[in-house]
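Please read the following report alongside the sequence and the coordinates. It moves from the whole chain to selected strands and then to a single residue.

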Amino acid sequence: MDVKEVLNKYFGYSSFKEGQEDVIESILSGSDVLAIMPTGSGKSLCYQIPAMVLPGITIVISPLISLMQDQVKALNEVGISAGYINSSLSETQIFKVYELAKNNEFKIIYVAPERLESYDFLDFVSQIDISMVTIDEAHCISQWGQDFRPSYLKIVDFIKSLSKRPIVSAFTATATEEVKNDIACVLNLYSPKIVTTGFDRENLYYTVERTKKKDEFVIDYILNHPNDSGIIYAATRNNVDSLYELLKGKGLSVGRYHAGMSNTDRIDNQNDFVFDRIPIIIATNAFGMGIDKSNVRFVIHYNMPQSMENYYQEAGRAGRDGETANCILLFSAQDIIINKFLLDHKDFSGIPLEDIESIKERDSRRLHIMEGYCNTTECLRNYILGYFGEKHDSCCNNCGNCHSEYSELDMTEEAKAIINCIYEAKGRYGINIILGTLIGANRARLKEVGAINYKTYGELKEYKEDVLKVLVNQMIYDGYIYQTDEKYSVLRIGNIEPLKKSDVHVIVKINNPLEDKTQSPKAKKTDQLTSAGYDLFEILRQFRLELARENAVPPYIVFNDKTLIDMCVKLPKSKEEMLNVSGVGEAKFEKYGILFLNRINEYIRENPEAVTSIVESSSTNHVEKKEKTVKKKTKKREFYINEADIDEFEYNEYYYLTEIKDELNRISTADNIKKLSGARIMDYLVSRGYVEEQLIEGKSYKTQTALGKDKGIITVDKISKDGNSYTLLKYPIVIQKEIVQFFYEFGKILLDDEDDI
């Protein structure tokens with residue numbers, strides 16, 4: 001049976017889509033293949049059809065259980081025998097799949113990458129004829145991709161272990177030039193045929209809505225599109241839950257999906273959505289990979305995604321039937337803060353320590369690019385395509401920006417002022433310092449770095465900062481300046497030679513009326529804080545979060561941000577001084593005051609020269625400084641313990657997490673290290689599979705896994721001072737010893753790394 005017969009008999013199509021036939025013919029000629037094809041272009045047929053024609057079995061490596069189950073079900077329904085092997089099957093069921101495959105009952109077997117190292121699987125593949133190994137979602141093998149999975153690296157050794165090397169084919173919807181080359185290199189593809197069909201999805205209408213009233217927008221959109229099916233993506237589980245409750249309360253038929261739900265609930269909600277029992281699902285990015293639902297008419301991003309790859313992939317789940325669909329991104333400045341927090345707490349388990357910093361820099365770069373997409377006034381489609389290497393001179397005339405009315409401003413002179421300010425700053429500062437300097441803002445940070453003495457200080461004081469941000473984005477787009485990729489990125493000068501010509505202009509499209517540009521910048525609560533002040537503010541915020549969880553209340557109930565900032569400015573040392581902090585009364589002091597005083601005093605002891613704020617005196621024009629710092633100490637290492645510290649840990653039958661944290665902080669003799677936080681220990685426990693997050697009655701709780709229970713972790717019921725019930729976990733000696741050993745081993749790696757440098 002030739003490929004056209006297979007296409008028609010099993011899949012019901014009479015012709016191939018763009019790129020499909022080229023990929024299939026290359027595979028059947030014996031060539032390795034890397035195919036980069038957008039969502040909806042029919043990637044799966046490109047390996048399923050050759051699998052039917054090739055003599056042996058095709059092994060498809062797939063990252064998600066739900067994805068492979070859906071694919072196998074679809075194949076079985078059209079008469080193609082396929083099976084899968086993953087953790088959802090019992091050992092008996094897995095061995096049944098092995099027996100059927102050895103009896104030539106299957107042409108395609110889907111397998112999770114984690115299975116590739118198991119003895120029984122390796123024994124099984126040694127007894128069958130493997131014609132092809134296919135890697136789905138191949139970008140997961142690249143450390144420079146947006147969704148790197150260490151388990152994918154096992155694929156390389158698996159292919160090498162086979163007695164006869166099969167054809168290797170790899171498929172993904174999202175890959176920059178760098179990631180594409182990395183996939184081919186890491187997988188060791190032999191002279192591969194590389195097929196890229198293009199990233200443009202002409203039926204998708206992209207738009208960015210800058211709004212703080214996201215809930216109202218979502219409700220209005222759904223009410224105005226009552227017959228449409230759609231996906232709403234949110235950045236966090238809490239956002240998913242609150243939006244779900246809101247829409248449910250409005251009588252709308254919606255479901256939800258995130259990793260905090262039970263597996264049964266996730267599967268039920270996914271099936272309800274796929275089979276049109278509910279038209280709308282609200283989800284984190286855990287949802288959607290491999291979901292083949294063709295009639296999704298809209299995808300709304302409630303929060304800005306972390307990367308263009310994520311956005312393209314998630315938005316691409318709309319309009320898979322080729323009909324018009326809307327891709328709407330709701331953007332507010334808070335989205336950037338949320339994503340930075342999520343990236344700061346990203347799980348790097350299984351990734352070599354020396355690679356983590358590079359990955360963090362690339363994550364930061366992707367976030368800048370995504371922020372640029374939300375702020376650009378240029379064609380949105382061209383911005384997306386340009387990121388993936390497809391340059392277009394003309395606008396698409398089919399996106400929100402192309403259909404918006406903008407005022408065009410010649411801001412050439414203002415652009416030169418920005419370049420001059422970056423030059424004065426010697427490329428050391430980011431956009432907030434540069435723009436704050438240019439508008440002449442009264443901020444402690446500007447005084448701390450000396451920017452108030454720049455020639456450019458206040459040079460563009462007639463402009464709103466938002467207008468200048470649009471200009472900066474345009475200059476980055478034009479290559480006149482660029483942002484570095486570090487966590488705290490700075491602005492640097494790019495190619496400014498064209499600006500030296502009199503006929504070159506920087507034209508900025510702006511949707512604000514010209515007269516709005518002269519409004520005075522509004523002072524922010526954090527303007528008084530120096531860099532040390534920001535550090536203390538983050539410490540107090542993290543501590544507030546720990547207290548809130550222990551007392552089962554929202555963080556703002558403990559103290560709001562304004563109060564924490566005032567603590568950083570006033571640095572209270574006593575009850576009397578703490579009661580002088582805005583938002584601290586007698587009742588709050590009795591409940592939390594001493595705890596925060598201890599944290600503040602601890603910070604001052606560790607940073608005796610720290611200046612946390614700079615404020616203008618009301619009676620004079622001179623600057624008053626808090627008695628402490630002008631310069632911060634050298635950057636501190638992450639927490640670890642020395643070998644001699646191990647024996648100093650006082651073990652107890654059971655400890656709460658905070659008790660383990662305090663005991664580790666007590667015994668450590670390491671120099672120049674950060675204080676250990678409970679969150680860091682929790683990250684370790686989650687990475688070991690001992691603890692997981694669960695949603696119980698709308699609230700998120702940490703609970704022990706089955707493995708955690710086997711290790712002896714127990715749950716303790718507690719009642720807060722306010723009468724709220726909550727639970728805490730207690731950890732036995734065996735877990736305590738593991739944690740102590742981890743921070744000792746981490747110290748060895750950390751110090752060895754520094755020696756290498």
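Predicted model: local features only at pLDDT ≥ 70, side-chain atom pairs only at ≥ 80, totals over all residues.

## Overall architecture

The secondary structure of the protein comprises 28 helices and 24 strands. Its radius of gyration is 28 Å, close to the 27 Å that the globule rule gives for 757 residues, so the protein is as compact as a globular protein of that length. Taken along the principal axes, the box filled by the C-alpha atoms is roughly 90 × 75 × 60 Å.

Among contacts with a separation of 6 or more, 69% are made by residues 24 or more positions apart.

Strand β5 spans residues 130-135, and because six of its six residues are buried, the strand is largely enclosed by the rest of the structure. Strands of a sheet pair through backbone hydrogen bonds, in either a parallel or an antiparallel sense.

For β5 and strand β2 (residues 57-61), the pairing is parallel and extends over five bridges, with Ile57 standing opposite Ile130 of β5. Strand β5 also pairs in the parallel sense with strand β6 (residues 167-172), over four bridges, and here Thr134 has Ser169 in β6 as its bridge partner.

## A six-stranded parallel sheet

Six strands form an open sheet with parallel pairing, in the order β8-β13-β12-β9-β11-β10. Its edge strands are β8 (204-210) and β10 (254-257), each of which pairs on one side only. On average, and with direction ignored, neighbouring strands of this sheet are turned by 15 degrees against each other.

Within this sheet, strand β9 (residues 229-233) runs parallel to strand β11 (residues 280-283) and is joined to it by four bridges; the bridge partner of Ile231 in β11 is Ile281. Helix α10 (residues 237-249) lies across β9, β10 and β11, and runs at about 170 degrees to β10.

Glu202 is located in the loop between β7 (193-196) and β8. Its relative accessible area is 63%, which is over the 50% cut-off, and therefore Glu202 is classed as exposed.

Which residues does Glu202 contact, leaving aside its neighbours within four places in sequence? Glu202 is in contact with Arg381 and Asn398. Although Glu202 and Asn398 are 196 residues apart along the chain, their C-alpha atoms are separated by 8.3 Å.

Conventions
Residues numbered from 1 in each chain as written. Heavy atoms only, no water. Buried < 20%, exposed > 50% of the residue type's maximum accessible area, 1.4 Å probe, protein only. Helix = DSSP H or I, 4+ residues; strand = E, 2+ residues; numbered from the N terminus. Pairing = 2+ DSSP bridges. Axes fitted to C-alpha atoms, helices over the stretch in contact; angles between N-to-C directions. Contact = heavy atoms within 4.5 Å. Rg over C-alpha atoms; globule rule 2.2 N^0.38 Å.
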